[in-house]
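Visitor: I would like to learn how to read helix packing, chain contacts and domains in a model of this kind. Could you take me through them one by one?

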Amino acid sequence: MPGRTPEKRPEAKPAATQPQEKPAVKPSDVIVEEKVEVVQKEEKPVAEKITIGELHLSGCTGCLVTLADNYEGLFKLLDDYADLVYALTLVDVRHVPEMDVCLVEGSCCLNDKISVEELKEAREKSKVLVAYGGCAAYGNITRFCRGGQWNQPGQEAFVPISEVVDVDLYIPSCPPCPQQVRNVAVMAYLLLRGNDEQKNLATAYLTPLMQLAQRGNEACGCDLMYDVINQGLCMGCGTCAGTCPVRAITMEYGKPNVNRDLCIKCGACYAQCPRSWFNFDVMNNYEGIMDAIKGAME
Amino acid sequence: MDVLGNYKSVISARSTDKDITKKSQDGGIITTLFAYALEEGIIDGAIVAGPSDEPWKPEPMVVTTKAELLAAAGTRYTISPNLALIKEATRSYGLDRVGIVGVPCQIQAVRKAQLYPIGMRDVDDKIALALGIYCMENLPYQALEAIVEDHCNQKMESVKKMDIGKGKFTVYTERGAVSQMPLKLIHKYVQPGCNVCLDYVANLADISSGSVGSPDGWSTVFVRSMKGNAVWDGAIAAGLFETKPMDQVKPGLDLVTKLATEKITKNQKNVDARKTMGLKADGTPKGLRNPYESP
């Protein structure tokens with residue numbers, strides 16, 4: 001796999017240069033200009049960047065928008081750390097290319113052959129496959145789909161992508177936060193291109209998100225009950241209530257109360273809970289890591 | 001890491017603001033720091049444990065003025081889920097610089113929310129000041145009720161101040177009565193989540209404060225981060241605190257270290273014991289979940 005990296009460049013480059021002939025694709029224009037600048041400034045070979053793609057399955061595009069919600073941070077990411085080689089709207093590439101990191105958005109519809117095939121292809125062609133967002137990781141609202149919907153009434157089987165392929169890393173929540181995907185992108189860069197120290201940091205940082213992928217593909221506000229309160233671990237800090245994107249959680253007498261009619265099963269509450277996991281090796285160094293990420297984005 | 005965490009300096013301090021020390025638990029450190037940070041524009045607002053409909057039951061609230069801060073001063077011995085308001089503060093209130101106060105586990109949650117902002121959109125760079133308070137263990141509200149009303153035989157609404165110190169839980173009422181019970185007896189009321197906590201003095205806060213180690217009416221203050229250091233230096237320069245070096249106060253830093261070591265040793269044992277709590281069919285131990293290992 002690593003041997004293929006040089007091959008990837010020529011494949012990605014035409015895609016990025018094309019827009020000059022096609023002025024309609026604006027974001028790519030900007031990317032091309034910035035890229036040239038960086039080469040001049042730092043004499044840093046562009047080939048050092050990692051490649052990231054976004055495979056869009058049955059999701060609402062909120063995750064993709066979240067990536068763009070890093071605003072200038074996205075440009076910085078694309079300038080120095082990663083080439084976006086595949087993504088709906090943002091990149092003019094039709095077929096799943098080889099890539100270092102593939103962010104998969106949306107659950108996989110088993111009734112849609114193309115989805116299944118593309119997902120398998122993405123797994124085959126990427127080094128790290130990320131379930132990006134609640135739908136890909138846990139099914140999220142697509143868990144409630146029972147078919148009969150305009151305009152594909154026959155589509156009813158929507159599963160988290162880990163039912164179809166092995167997944168390396170989870171980024172839960174609906175939508176995930178721009179800062180979380182940014183952090184993962186920076187850490188993936190350090191993991192694949194950094195020195196030993198950076199690799200260790202990236203490994204430590206990414207480990208819990210990888211463990212989350214091993215934990216399973218079912219999530220619900222009930223996790224707080226089963227895996228935190230029932231396990232005697234809840235101390236009522238309020239994080240889950242603060243993090244829930246649909247305000248399904250309130251704190252009643254110091255413990256979370258989940259309104260299960262509102263819960264969309266995105267997995268944010270459990271992943272954000274300091275008692276789902278708390279890795280002291282990373283957290284104790286929070287100041288250094290946050291400064292490092294901030295520095296990387298400047 | 002040492003049981004007291006990383007810190008740049010530790011000092012015994014007391015607020016010079018009489019309005020604050022009249023209402024504060026000990027040295028009025030947290031209230032004074034937030035008041036200073038609000039005034040200086042270091043924070044636009046703070047998430048604190050405010051009053052609620054029920055006596056001594058804290059309710060997290062976002063405050064933006066010193067008057068609101070004063071209404072929230074003092075310790076309530078039951079948790080206020082301050083983290084629940086973090087997105088409320090940054091998004092609904094639109095605050096760009098948020099202060100938050102919490103017990104150690106809540107400060108851990110703040111740092112996790114910053115490093116792994118999974119559902120905490122646009123929060124990581126908006127936490128301008130995270131103040132920690134020492135915490136040995138915490139009580140559910142109903143437990144506090146049982147302690148005050150059953151053990152101490154006082155009505156919740158007539159209580160003026162509650163305090164933990166010198167091995168006793170003390171209740172002071174509005175009319176001057178003082179009821180005490182040995183601290184040992186409250187252990188059975190502690191919420192189970194506290195028994196796996198490995199932090200006593202809010203190691204991850206910007207500044208942490210608590211009464212332990214300092215004389216009555218004073219607090220022991222750890223200044224930890226760059227941010228915390230800047231705020232602390234500013235507050236000292238503004239004359240907001242009287243200070244004494246830790247080695248010149250009784251009982252001193254040794255007591256803090258002793259209690260921190262006790263808590264962490266005891267709870268580390270609990271964490272370890274959870275690994276082999278149960279029994280599998282083949283006779284090998286069956287464990288409970290360990291949050292410090294994996295989700």
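Guide: Let us begin with a pair of helices in chain A, where α7(A) passes α8(A) in a left-handed crossing, a crossing being left-handed if the near helix is turned anticlockwise from the far one by less than a right angle, and right-handed if clockwise. Helices (H or I, at least four residues) and strands (E, at least two) are DSSP runs, numbered from the N terminus. This is a predicted model, in which local features need pLDDT of at least 70, side-chain atom pairs count only at pLDDT 80 or more, and totals for chains, interfaces and linings use all residues. Residues are numbered from 1 along each chain as its sequence is written, while chains are lettered from A and ligands numbered from 1 in the order in which they are written.

Visitor: At what angle do α7(A) and α8(A) pack, and how far apart are their axes?

Guide: Two packed helices are described by the angle between their axes and the distance between the axes. Here α7(A) and α8(A) pack at an angle of about 135 degrees with their axes 8 Å apart, where axes are lines fitted to C-alpha atoms, for helices over the stretch in contact, and angles run from 0 to 180 degrees between N-to-C directions. The two helices α7(A) and α8(A) are therefore oblique to each other, given that angles under 35 degrees count as roughly parallel, over 145 as roughly antiparallel, 65 to 115 as roughly perpendicular and the rest as oblique.

Visitor: Which residues in α7(A) meet α8(A)?

Guide: Met187(A), Leu190(A) and Leu191(A) in α7(A) meet residues of α8(A) that include Leu201(A), Ala202(A) and Tyr205(A); two residues are in contact if their C-beta atoms, placed from the backbone, lie within 7 Å.

Visitor: How many residues does the contact take from chain A and from chain B?

Guide: The contact takes 45 residues from chain A and 46 residues from chain B. Among the elements that give two or more residues to the chain A side are α7, α8 and α13 (286-296), and that side has 26 nonpolar, 15 polar and four charged residues.

Visitor: How do the axes of α13(A) and α5 of chain B cross?

Guide: The axes of α13(A) and helix α5 (residues 104-115) of chain B come within 11 Å and cross at roughly 25 degrees, which makes α13(A) roughly parallel to α5(B). The crossing of α13(A) and α5(B) is left-handed. Tyr286(A), Ile289(A) and Met290(A) in α13(A) meet Arg111(B), Gln114(B) and Leu115(B) in α5(B), a contact with four nonpolar, one polar and one charged residues.

Visitor: Which domains does the assignment give in chain A?

Guide: Domain bounds come from an automatic or database domain assignment, and for chain A that assignment gives domain 1 (2-217) and domain 2 (222-264 + 267-278). In chain A, 10 residues of domain 1 are in contact with six residues of domain 2, and α6(A) gives the most to the domain 1 side, with three residues.

Visitor: What pLDDT does chain B average?

Guide: Where pLDDT is low, the predicted coordinates should not be read in detail. Chain B averages a pLDDT of 95, and 100% of the residues score at least 70, pLDDT being the predictor's confidence in each residue, from 0 to 100.

Key. Ala, Val, Leu, Ile, Met, Phe, Trp, Tyr, Cys and Pro count as nonpolar, Asp, Glu, Lys and Arg as charged, and the others, Gly among them, as polar.
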